[in-house]
Amino acid sequence: MAEQREEKKLSAAFLKSDLAPGKYHDGGNIGLYVRVEPNGKRFWVQRVTVNGKRTEIGLGSFPMVGLADARAKAVANKRMVIEGGDTAIDKLVADRLYHFN
């Protein structure tokens, strides 16, 4: 039987540490990660697929939006996506859509 890999989740201490620019995923299969800019600013982003199109939703900046709040928002968004592509998801995407290139 294959061994399951332990999920690595972000911690508050890790987020407060000196992080190199890049993306740091939270695990948990909800598409949540924190993006660290070269100037040190941190932004919560969630990647979801809506109507077959991959979309990134901005959830706010750290520390204004803490780890627990970002996870709660991401879980709520994921539930909306799983329950179906109705107008609530389209509204969510329209309200919170940020394009990160």
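Strands β1 (residues 22-25) and β2 (residues 32-36) run antiparallel and are joined by four bridges. Strands here are DSSP E runs of at least two residues and helices are H or I runs of at least four, numbered from the N terminus; two strands pair if DSSP finds at least two bridges between them. The model is predicted: local features need pLDDT of at least 70 and side-chain atom pairs count only at pLDDT 80 or more, whereas totals for chains, interfaces and linings use all residues. Residues are numbered from 1 along each chain as its sequence is written, and side-chain values use heavy atoms, without hydrogens and water.

**Sheet**
- Lys-23 has Arg-35 of β2 as its bridge partner.
- Six residues lie between the strands of the β1-β2 hairpin, where Gly-27 takes a positive phi near 80°.
- The open sheet has four strands in the order β1-β2-β3-β4, with antiparallel pairing.
- β1 and β4 (53-62) stand at the edges with a single partner strand each, so one side of each lacks a neighbour in the sheet.
- Five bridges pair β2 with strand β3 (residues 42-50) in the antiparallel sense, and Val-36 has Arg-42 of β3 as its bridge partner.

- Beyond its neighbours within four places in sequence, Leu-32 is in contact (heavy atoms within 4.5 Å) with residues including Trp-44, Leu-59 and Ala-70.
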